[in-house]
Amino acid sequence: MGSNGGTAAFVPEPTAFGEKTEAVANALILHGKPGRPEFYDATVPSPSNHHWLPWLAKQLIVRDIPAHTPEMPLAFAPDYPAWRRELERYDISPRTLFAAHSCGAGFLLRWLTENPDVSVGRVVLVAPWLDPTGRLAPGFFDFTLDRHVASRTAGLTVFHSDDDFDDIQVSVRTIRDSVADLRYREFHGYGHFARTTFPELLTALVD
């Protein structure tokens with residue numbers, strides 16, 4: 001399913017959801033892996049406050065969905081046990097929504113794979129990355145995807161842009177080949193989704 005990068009998307013009003021909104025307990029929004037110079041640049045927002053993450057959190061909050069953007073430690077050099085500890089500080093239930101970007105999306109897939117007793121709400125993976133070369137995050141993705149991980153969600157969707165980085169293209173192909181029953185949406189010209197607003201993502205989570 002394609003999308004034109006210049007097409008405006010409908011942003012639902014907070015009052016449009018009624019009981020759907022009340023059925024959601026919370027939402028977790030996971031950032032990706034910045035470069036080391038960006039991480040230590042005091043003029044650049046922290047990973048959890050960059051791009052569309054704060055916008056999405058606010059849009060969910062005004063719909064009475066408590067939304068959190070965990071700040072993963074030393075995000076430029078991801079360490080799986082450290083990221084896992086940070087994620088598990090939060091309440092996670094079958095009513096928890098997830099939106100995850102890039103490295104955060106790959107991390108979430110590993111966490112869900114390694115916690116087979118966990119069920120969650122809707123999950124949207126934006127430009128998921130699995131470090132296919134193994135050079136940028138050694139050991140972080142040493143796992144085998146659970147083919148049936150989508151069955152433990154209320155819907156698992158991959159967002160992918162046709163002009164994203166080569167590593168993302170490879171990662172998305174791996175996920176699509178390995179995971180059953182996922183939904184896929186391809187965008188044109190969205191790059192690595194470094195956007196300040198993201199109405200399509202909001203709609204995928206709550207509409």
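Reader: Which residues do ring pairs link into a cluster?

Author: W52, F159, F187, Y190, F193 and F198. Keep in mind that this is a predicted model.

Reader: How many aromatic pairs are there in the whole structure?

Author: A search of the whole structure gives 18. One of them is W83 with F107, whose ring centres are 5.6 Å apart with the planes at 70 degrees. Edge-to-face applies to planes over 60 degrees apart, so this pair is edge-to-face.

Reader: Where do W83 and F107 sit in the chain?

Author: W83 is in helix α4 and F107 in helix α5, 24 residues apart, so the pair links distant parts of the chain.

Reader: Is W83 buried or exposed?

Author: Buried, at 0% relative accessibility. F107 is buried too, with a relative accessible area of 1%.

Reader: What charged end sits over the ring of F159?

Author: That of R185, 5.9 Å from the ring centre. R185 is in β6, and F159 stands opposite it.

Reader: How many bridges join β5 to β6?

Author: 5, and the two strands run parallel. β5 covers residues 156-161 and β6 covers residues 183-187. Together with helix α6, residues 166-178, they make a right-handed β-α-β unit.

Reader: What does β5 pair with besides that?

Author: β4, through 4 bridges, again running parallel. V124 has T157 of β5 as its bridge partner.

Reader: And which way do the β4 side chains point?

Author: V123 and L125 point one way, V124 and V126 the other, and all are buried. In a regular strand the side chains alternate between the two faces of the sheet.

Reader: How many bridges join β3 to β4?

Author: 4, in a parallel arrangement. A100 has L125 in β4 as its bridge partner. β3, α5 and β4 make a right-handed β-α-β unit.

Reader: How many residues of α5 are buried?

Author: 11 of the 11, residues 103-113, so the helix is largely enclosed by the rest of the structure. The buried residues include C103, G104, L108, R110 and W111.

Reader: What do they pack against?

Author: The buried residues of α5 pack against the strands β1, β3, β4 and β5 and the helices α4 and α6.

Reader: R110 is on that list. Which ring does its charged end sit over?

Author: The ring of Y80, 3.8 Å from its centre.

Reader: New topic: T113. Why does it count as buried?

Author: Its relative accessibility is 14%, and buried means under 20% relative accessible area. T113 is found in helix α5.

Reader: Where does its side chain reach?

Author: The side chain of T113 reaches the backbone oxygen of L109 at 2.9 Å.

Reader: And what is T113 in contact with, leaving aside neighbours within four places in sequence?

Author: F143, T144, L145, D146, V149 and R152.

Key
Residues numbered from 1 in each chain as written. Predicted model: local features only at pLDDT ≥ 70, side-chain atom pairs only at ≥ 80, totals over all residues. Heavy atoms only, no water. Pairing = 2+ DSSP bridges. Right-handed = clockwise from strand over helix to strand, strands pointing away. Buried < 20%, exposed > 50% of the residue type's maximum accessible area, 1.4 Å probe, protein only. Contact = heavy atoms within 4.5 Å. Phe/Tyr/Trp six-rings, centres within 6.5 Å; stacked < 30°, edge-to-face > 60°. Lys NZ or Arg CZ within 6 Å of the ring centre and 35° of its normal. Polar contact = N/O pair within 3.5 Å; in protein donor to acceptor, adjacent residues only side chain to side chain.
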